[in-house]
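Subject: Structure for you to look at

Hello,

Below is the structure I said I would pass on. My notes on what was found in it follow.

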Amino acid sequence: MNELLKKNLYEIRELLDKKEISSPELLQICLERIEKVEPKLNALITITEDIAGAQANEAQKRIERNETTPLLGIPITLKDIFVTKDIRTTCGSKILENYIPQYDGTVVEKVIAAGGVMVGKNNMDEFAMGSSNENSYFGPVRNPWDLERVPGGSSGGSAASVAGLECYVSLGTDTGGSVRQPASFCGVVGLKPTYGRISRYGIIAFASSLDQVGIITRCVRDCAMVLEVIAGYDPKDSTSSPIPVPPYSRLLDEGIKGWKIGLPVEFLSEGLEEDVLKGIERAKEVLKEAGAEIVDVSLPHLPYAVSVYYIIAPSEASSNLARYDGVRYGLRVNSSDLIEMYMKTRAQGFGPEVKRRIMLGTYALSAGYYDAYYLKAQKVRTLIKKDFEKAFEKVDIIMGPVSPTTAFKIGEKTSDPLQMYLSDIFTIPVNLAGLGGISVPVGFDRKGLPVGIQFICKPYREDELLRCAYHFEKTNALKIEWPSLEDVSPSQK
Amino acid sequence: MRKISREEVLRIARLARLEFNDEEVEVLTHQLSSILDYIEKLKEINTEGVEPTFYTFVTETPMREDEERKAEGADQLALREAPSVYKKFFRVPKVIK
């Protein structure tokens, strides 16, 4: 394996800027790696070799002119939920199997303008609904650390691509943990910023009040660099924030001495695996060593978060997914009757999890149930948000687990949807409250699988979030030997 | 346990423009019942006087100048991905009996 594959984005940035390597050379190395490992990982739905080639040549010209941006000439992959002009965008669904968008979303425009080299579109749970990447029409993604295990979801392809050394950064989306949880399962860094920090224009909608773009990289500094490029107000997304975007990567160095880090007591009573609990203990030690103080806080409404989420998210999804009707784009199953055409198209185009959530959402919004379910959930959401506000009166950052377990086996949880939903207990509250969160590797469990730790920040304080994560990472000094994947086949494993 | 009936599943499916075979209805009835049963625990919380949160941190809808902007070729582009087209229109099965 080429040693350049293991480098972080910021290291590659330096090599490119010093002209010790060119962007087309780097792309070639990544494409060769993709060819070798993709049959095992299935992390990409579409490989855009030609487009990447042209972008790498263009980026190299800019580098020769001594231009630089965090992404200039850097191989990047995008979850297949980002609409990309003239590049097939499936959202992991049969209903969009052949959909070729007419435009680029805002984030994609920013990546292109910064000179990113887009090598492919990542596999994902269909319409971002899932925690294991087993709900993709294009087959499950495998975890680079153990090919029999899931990479997490719904941005499982993105996390597997970054951990599998196919690229230096991937963009995903996080509605209830879909960036943080797969990052944790794959031993990489996953950031979900505050709601509104990054434009959602051109991202296929799942639950509009919860969806947010996220960034997956192999270290915190990389994450900060990429956030600088893609964050900011967008006139095309009225929920994006006008708060200015600070130079995150230049705000990392100052320490976290004297910071108060809150650990919600409820986080420790939700059936954590022993090794995950050990990860928390280790994280506390690391943070203390970095000069921070660990403080008990309380999120009394935590036990209700999953219920609230599984009313709000499916309700918004049932409305958002009404557009897939076989009329303007996507799959159509012909029938002589209009209603029947809708029903057959949707019955054949959507997979079981998507249908289940549309049903749940339609039920929660239907006449007679709106107040009891939807409105009630939105009120409890307020209480969850207030719990965080109260906790943040005492502390700078909140810490906790990302998921109750490390990566589980493919097929282990598919028969019981509720059990799968419950595993999102630590990530969901952050989306409900709209806050920023990040997952950072803390260590490995006894099976050799990565364990992540989560940090949560006050609204729009990604500067503090990244700074805390950066000093945690630095003090923890975890040595990660990335899996080679070039000598085992799935059948041997 | 909060039971959702088979008939209710079929009614919701119709509203959602989805169709299921008998076996799928059976499985869904069971799964939706267990999920709704879990969700029931929200009833434990008193939410009297609590305002709902539909969006976080979105205080107002930003306004912009009402200026004319060109969208040349947008109609053809919009039709590009349509499964069936007639002239400048999306074509659907006949809706008038």
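The largest nonpolar core in this predicted model has 165 residues. Those with the most contacts inside the core are I76(A), V169(A), V189(A), A305(A), V308(A), I397(A) and A469(A). Domain 1 and domain 2 of chain A both contribute residues, so the core lies between them.

A305(A) is worth a look of its own. Leaving aside neighbours within four places in sequence, A305(A) is in contact with I384(A), I425(A), I428(A), P429(A) and L432(A).

On the domains: chain A is divided into domain 1 (3-265 + 280-298 + 389-476) and domain 2 (302-379). Taken over C-alpha atoms, the centres of domain 1 and domain 2 of chain A are separated by 27 Å. Their contact takes 29 residues from domain 1 of chain A and 23 residues from domain 2 of chain A. On the domain 1 side, α13 and α14 (428-433) of chain A each supply at least two residues. By class, the residues of that domain 1 side divide into 18 nonpolar, seven polar and four charged.

Next, the contact between the chains. Chain A puts 54 residues into the contact and chain B puts in 40 residues. On the side of chain A that touches chain B, at least two residues each come from α9 (305-320), α10 (338-349), α11, α12 (370-394) and α13 (417-422) of chain A. α12(A) gives the most to this side, with ten residues. The residues of the side of chain A that touches chain B divide into 27 nonpolar, 16 polar and eleven charged.

One helix pair across the two chains can be described in detail. Helix α11 (residues 352-365) of chain A packs against helix α1 (residues 6-15) of chain B at an angle of about 95°, and their axes are 9 Å apart. Angles of 65 to 115 degrees count as roughly perpendicular, and α11(A) and α1(B) are therefore roughly perpendicular to each other. The residues that meet are M359(A), T362(A) and Y363(A) in α11(A) and I12(B), A13(B) and L15(B) in α1(B). By class, this contact of α11(A) with α1(B) has five nonpolar residues, one polar residue and no charged residues.

Regards

Technical notes. Residues numbered from 1 in each chain as written. Chains lettered and ligands numbered in written order. Predicted model: local features only at pLDDT ≥ 70, side-chain atom pairs only at ≥ 80, totals over all residues. Axes fitted to C-alpha atoms, helices over the stretch in contact; angles between N-to-C directions. Helix = DSSP H or I, 4+ residues; strand = E, 2+ residues; numbered from the N terminus. Parallel < 35°, antiparallel > 145°, perpendicular 65-115°, else oblique. Contact = placed C-beta atoms within 7 Å. Nonpolar A, V, L, I, M, F, W, Y, C, P; charged D, E, K, R; others polar. Core = buried A, V, L, I, M, F, W, Y, C linked by C-beta atoms within 7 Å. Buried ≥ 20, exposed ≤ 12 C-beta atoms within 10 Å, placed from the backbone. Domains from an automatic or database assignment.
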